[in-house]
Amino acid sequence: MTTTLGAFVLGTPDPPALADFYRALLGWREVDREPGWVRLRAPGQERPGLSFQLETGHTPPVWPQRAGTQQMQAHLDLQVDDLEAETERARALGATLEEHQPQKDVRVLRDPHGHPFCLFLPGA
């Protein structure tokens, strides 16, 4: 028996809008779209995918974490070849740069719905 990662799913109050952000950021294509669900995948690959599911009560996590606040349970790490250029491109698409940056070769950002994600250089 083999187990592989099929997809990562983000909860969001607006799946189509958040999928549009990640589609533009990653250059992936959309394969399913319904009002409460959207799935993306990399060109030429069936899996893994990135999906977006309706969560009307979504509360973005606090970063860096603090006791008594909404905790981050997962985030995406996205490898890039030009950290500054890709950070600015992500911001132009609607991401926000976090004030707290824990590493030199990593940038912590938030997508338009508040999910943290990291851009990083190879070797970071």
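Which residues does Arg89 touch, not counting residues up to four places away in sequence? Arg89 touches Ala24 and Leu25, where contact means heavy atoms within 4.5 Å. Arg89 is found in helix α2, and the C-alpha atoms of Arg89 and Leu25 are separated by 7.8 Å, although the two are 64 residues apart along the chain. With a relative accessible area of 30%, Arg89 is partly exposed; buried means under 20% relative accessible area, exposed over 50%, and partly exposed in between (1.4 Å probe, protein chains only).

A quick word on what you're looking at. This is a predicted model, in which local features need pLDDT of at least 70 and side-chain atom pairs count only at pLDDT 80 or more, while totals for chains, interfaces and linings use all residues. Residues are numbered from 1 along each chain as its sequence is written, and side-chain values use heavy atoms, with hydrogens and water left out. Helices (H or I, at least four residues) and strands (E, at least two) are DSSP runs, numbered from the N terminus.

**The sheet with β8**

Four strands form an open sheet in the order β5-β8-β7-β6, with mixed pairing; two strands pair if DSSP finds at least two bridges between them. β5 and β6 stand at the edges with a single partner strand each, so one side of each is left without a neighbour in the sheet. Here is how the pairs in this sheet line up:

| Strands | Direction | Bridges |
|---|---|---|
| β5 (residues 76-79) and β8 | parallel | four |
| β7 (residues 106-110) and β8 | antiparallel | five |
| β6 and β7 | antiparallel | two |

Gln79 has Phe120 in β8 as its bridge partner, Leu109 has Phe117, and Thr96 stands opposite Arg110 in β7.

Is strand β8 (residues 116-120) mostly covered or mostly open? Mostly covered: five of its five residues are buried. In a regular strand the side chains alternate between the two faces of the sheet. In β8, Pro116, Cys118 and Phe120 sit on one side, Phe117 and Leu119 sit on the other, and all are buried.

The hairpin of β7 and β8 has five residues between the strands, and Gly114 there takes a positive phi near 95°. His113 is found in the loop between β7 and β8 too, and counts as buried at 18% relative accessibility. The side chains of His113 and Thr12 are joined by a polar contact of 2.3 Å, a polar contact being a pair of N or O atoms within 3.5 Å; within protein, one must be able to donate a hydrogen and the other to accept it, and residues adjacent in sequence count only if both atoms are side-chain atoms. Leaving out residues up to four places away in sequence, His113 touches several others, including Pro13, Leu18 and His58.

**Helix α2**

Helix α2 (residues 83-93) has Leu83, Glu86, Thr87 and Ala90 as its buried residues. They cover an arc of only 105° around the axis, which puts them on the same side of α2; the arc is that of the directions from the helix axis to the C-beta atoms. What covers them includes α1, β6 (96-97), β7 and β8. α2 lies across β6, β7 and β8, running at about 5° to β7; axes are lines fitted to C-alpha atoms, for helices over the stretch in contact, and angles run from 0 to 180 degrees between N-to-C directions.

At the start of α2, a side-chain oxygen of Asp82 reaches to within 3.3 Å of the backbone nitrogen of Glu84. Just after α2, Gly94 takes a positive phi of about 125°.

Strand β3 (residues 37-41) runs antiparallel to strand β4 (residues 49-54), with five bridges joining them; Val38 stands opposite Phe52 in β4.

**Rings**

The structure holds four aromatic pairs; rings of Phe, Tyr and Trp (its six-membered ring) pair if their centres lie within 6.5 Å, and planes under 30 degrees apart count as stacked, over 60 as edge-to-face and the rest as tilted. The ring centres of Tyr22 and Phe117 are 6.1 Å apart with their planes at 70°, so this pair is edge-to-face. Tyr22 lies in helix α1 (residues 15-26) and Phe117 in strand β8, so the pair ties together parts that are 95 residues apart in sequence. Tyr22 is buried at 1% relative accessible area, and Phe117 is buried at 0%. Ring pairs link Phe21, Tyr22, Phe52 and Phe117 into a cluster.
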